[in-house]
Amino acid sequence: MLITTVGLVTAGLIALGYAGAGDFEAGPIGRAGGEYALSPWTNPDPVVAEEPEADTYRGPDGAVIRLTDLDVDTPIILTPAEGTRVSAVWVTGTDGRMVTEGEGGEPPRFSPLRDGQVVILVEQPDVELWIDGPSDETWEASLRFDRGLRADDVLSSSQTLMFTHDGGATTARVSARGGDNLSIQAVTAHGSERPLNEDSPFDRSIAWRDSPLVLFYIESWHDTAWRIEFPTDAASTPTPTVTP
């Protein structure tokens, strides 16, 4: 009992010492940005990312990149600089207004691909990109705009590929054989989702949120051969098979 009492008194004195010095303040653990860390678009005075050169940006966690006059039919590809990382990107309209809804009623959230790139699709020409970066250091990333490979009806390969589809479908049939695992990330203006992550062989359907343009990132492990087929009523122009 004596040891317990002495311990409690000591702890109390230490706490009083910090309080008296005015240096002790409760706050969020492991994240920068205070109360806006998990929803930076609600910050009335956000940090605007610097642009040291054309299409290259840097800033702290929660900083915003403001873009105007975009082509909504062309994906935005954000590539972190070597030695830095981006955990996610949220997208709003100007002044943090939500114009496209993502999961849970929040703005669309876009996750990085395996190589660290973040692919973003938007529905309006003027947007704000809110960067979820490291909490203890500055991030840096470059932007480019690339439509890339297009698939309208059938595409097959044994490589990891990224391509777009604008045939109006919301489902597709995917099959795989040999090799190992196959995973798919689908990106729409509502954010990114992962409709498939499975070991081959398999033959099954996948689905994603309705959007005029969809970007797919199909990740093939150990040369797993795969085939994706979109409904014929959504197809327009035949697409050749891609071989290694």
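**Reading burial, charge pairs and cores**

Student: How do I read accessibility here: does Arg-58 count as buried, exposed or partly exposed?

Tutor: This is a predicted model, so read each value as computed from it. Arg-58 has 29% relative accessibility, so it counts as partly exposed. The reasoning needs two cut-offs: buried means under 20%, and exposed means over 50%.

Student: And which side chain does Arg-58 meet in a salt bridge?

Tutor: General idea first: side chains of opposite charge can pair when their charged atoms come close. In this structure, Arg-58 meets the side chain of Glu-140, at 3.3 Å from N to O. Glu-140 is in strand β9 and Arg-58 is in strand β2 (residues 56-59), so their pairing ties together parts 82 residues apart in sequence. Glu-140 is at 27% relative accessibility, so it too counts as partly exposed.

Student: How many salt bridges does a search of the whole structure find?

Tutor: The search finds 12. Another one to look up joins the side chains of Glu-219 and Arg-114, with 3.0 Å from N to O. This pair also links distant parts of the chain: Glu-219 belongs to strand β17, while Arg-114 sits in the loop between β6 (109-110) and β7, 105 residues apart.

Student: Does Glu-219 count as buried or exposed, and why?

Tutor: Buried, because its relative accessibility is 7%. Now try the pair Arg-204 and Glu-198, whose side chains meet in a salt bridge at 2.9 Å, N to O. Arg-204 is at 29% relative accessibility and counts as partly exposed. Glu-198, at 26%, counts as partly exposed as well.

Student: Which residues do salt bridges with shared partners join into one network?

Tutor: Arg-147, Arg-150, Asp-152 and Asp-166.

Student: Let's turn to nonpolar residues. Which members of the largest nonpolar core touch the most other members?

Tutor: Think of a nonpolar core as a set of buried nonpolar residues joined through side-chain atoms. The largest one here has 29 residues, and Ile-65, Leu-67, Ile-120 and Leu-129 touch the most other members. Several strands give two or more residues to this core, among them β3 (64-67), β8 (127-132) and β17 (214-220).

Student: What does Leu-67 touch, leaving out residues up to four places away in sequence?

Tutor: Its contacts are Tyr-57, Ile-76, Pro-125, Asp-126, Val-127, Leu-129 and Leu-143.

Student: How many residues are in the second, separate core?

Tutor: There are 21, including Ala-172, Leu-196, Ile-218 and Phe-230.

Technical notes: Residues numbered from 1 in each chain as written. Predicted model: local features only at pLDDT ≥ 70, side-chain atom pairs only at ≥ 80, totals over all residues. Heavy atoms only, no water. Core = buried A, V, L, I, M, F, W, Y, C linked by side-chain atoms within 4.5 Å. Buried < 20%, exposed > 50% of the residue type's maximum accessible area, 1.4 Å probe, protein only. Helix = DSSP H or I, 4+ residues; strand = E, 2+ residues; numbered from the N terminus. Contact = heavy atoms within 4.5 Å. Salt bridge = Lys/Arg side-chain N within 4 Å of Asp/Glu carboxyl O.
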